[in-house]
Amino acid sequence: MLEDKVLIWKFKCGSSDALCSIYQKYKKDLLKLAAILLNDVSDAEDIVHDVFVSFAKSAEKLKLSGNLKSYLLTCTANRARNRNRAQRQRQTAGLDKAETIVSNSKRPEELSICSEELRRWSDAMGRLPYEQREVVILHLRAGMRFRQIAKLQGISVNTIKGRYRYGLDKLRSILNGEMKK
Amino acid sequence: MKSAENIEKLIKNLDWDIDINPEKDRVILGELSEVHEKSKKMKSALVEPKIRRTIMKNPMTKLAAAAVIVIAVTLGLFEFSGTGTTSGVVWAKVLEKTEQISALVYDMTVEIDQPGGENLVVLLRNYVARDYGTRADTYIYGKLSKIMYILPTQKVGYRVYVDRKTYYQYELSDAEAARGRDPEELRTCLKNIMSGGGYTELGRAEINGVAVEGVERNGPDLGGEDCFMRVWVDVETNLPVQIIMEMLGKEGGQMRQHKYLMENFKWNASLDEKTFEPNIPDDYTLMEDPRAGRDRQENSKTQQASPQTLTEQEQAEQPKVKEAVRRFFNAFTEQDWDTVSKYLPDLKMSQRTKDILAGLETIYIGEPAKATNGNKWLIPYEIKFKNGGSQKNTMRLTADENTGQFIVRGGF
């Protein structure tokens, strides 16, 4: 926390080294969050890139009331949601098939060696509706409270809790179904 | 079968070691530096005039004051002694160590909240040497803007404005000269600051690879209701590594949040006299010392308002005026704020101002004289504040036409 405060001050004072340190410190956390939300590591890398470029431009205006990690994770979640929305619209417009053919996207498990468990999780997560996946991941992996997620998405806490419960139920049913097979 | 709890646990503990593709990593880092540099240039061009105005309006800004407090804090950690047996930092040793310090160099970042969300950020590199004095190089967005020197042996200070190629020099009062080199003065200052006790231990942490332990505290006795201070000390050397202060201060007539970060301390740095020699290029223009300018204006005003011969009625009123001044100062001594507000009806005093003025001592009240212009009484006075400082000035007093109550005009 303290180290982050120092880094932010230095960054706001114009230190490129501080910016690079922030990037090195949090890039993995952001990548993991984006990859699990989008179920695509290439897209996740783009999100991390966009988040940090935007952050680099914001030195002048940046006013952090909470901690830096939460701030960056929130930016990542927002961008992932926008990208997901855009992808859905493209699917609706019939562009999806053409994209699939030329897509060079990497699923998360492709980057891990022989991680059977990870593959199963990735599949299961991919089958959750995005809204439920987002709540489950932000709560369990990013450590955000339901109230924070509700504020981030501009909806009620009860809706968030509902999405979380449905998400977990669905995950359980997917994973238990797999086990039965 | 997996329960919901199991699933929660599994997701939380999922060990997933992925990283950004090294090629992409390199591209992102390159782009970040580029974007940041561009952003800085734009910001510098847009913001610098505003910053310059702010600094020009405040030639004796809080920066210098903050630096003094900060050094005081730095050199006076003995007040933290005895913070518990589990601590790796022996706080009493911090005192011993800092007492032996004759010279240091450190960086200070000052951030002041500005309306509209665009904060004023200034970096100062400070040099302090017991034998020579102090020097502070001020950078705004990485560019050297101003150098301040306080040279107690010569009883002179310099402000060199690098960006404007101008400078001025000014005489140091005895108190200013003492502050410029004598850590004892600073320790006394800290003693006052820290006398409230009640700090919180922060335990152990790491700053730039150095194991540190810290304490923090806040409270009005530190410098205001919202003042907060945190000190981190190297567990090996028992010397401070980082100091953070946040406080509300007056800036441009408004209360604004000030943040100070002190770091990169070089204790017992090898500093020679040359560091403290003002190196002013020939093409720099010498300006008038603003304080001397203000004094000149004040003298001119005083001459305009020079006393006139008193009528019999005014002579009869003279003792009442003197008594009113005595009661006014006495109200501060006794912290009788209701009485104070009768004399200063338009002034709403902050708690901090009250803290400073409470308990003041009246040294001298001179004979009231009548100003030639207007119906004001001019009363010379001298008062002493409880922190040891004193003030010698002339007060302006008028009587309310309806109630006859004396009112202090234009502060004191």
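This is a predicted model: local features need pLDDT of at least 70, side-chain atom pairs count only at pLDDT 80 or more; totals for chains, interfaces and linings use all residues.
**Entry 1: chain B overall**
I started with the secondary structure and found 10 helices and 18 strands in chain B. Next I looked up burial: of the 412 residues in chain B, 44% are buried. I then checked contacts with a separation of 6 or more, and 51% of those in chain B are between residues 24 or more positions apart.

**Entry 2: salt bridges**
How many salt bridges are there over all chains? I noted 15.

I went to chain A for one of them, where A:Asp29 pairs with A:Lys69 and the closest N and O atoms are 3.9 Å apart. A:Asp29 sits in helix H2 and A:Lys69 in helix H4, so this pair ties together parts 40 residues apart in sequence. A:Asp29 has 26% relative accessibility, so I put it down as partly exposed. A:Lys69, at 34%, is partly exposed too.

**Entry 3: two pairs in chain B**
Are B:Lys370 and B:Glu314 buried or exposed? Both are buried, and their side chains form a salt bridge at 3.3 Å, N to O. B:Lys370 belongs to strand S15 and B:Glu314 to helix H8, 56 residues apart, so to speak a link between distant parts of the chain.

Helix H8 also holds B:Arg326 and B:Glu323, three residues apart, about one turn of the helix. Their closest N and O atoms are 2.5 Å apart in a salt bridge. I listed B:Arg326 as partly exposed at 38% relative accessibility, and B:Glu323 as partly exposed at 27%.

Note on methods:
Residues are numbered from 1 along each chain as its sequence is written. Chains are lettered from A and ligands numbered from 1 in the order in which they are written. Side-chain values use heavy atoms; hydrogens and water are left out. Helices (H or I, at least four residues) and strands (E, at least two) are DSSP runs, numbered from the N terminus. Buried means under 20% relative accessible area, exposed over 50%, partly exposed in between (1.4 Å probe, protein chains only). Contact means heavy atoms within 4.5 Å. A salt bridge is a side-chain nitrogen of Lys or Arg within 4 Å of a carboxyl oxygen of Asp or Glu.
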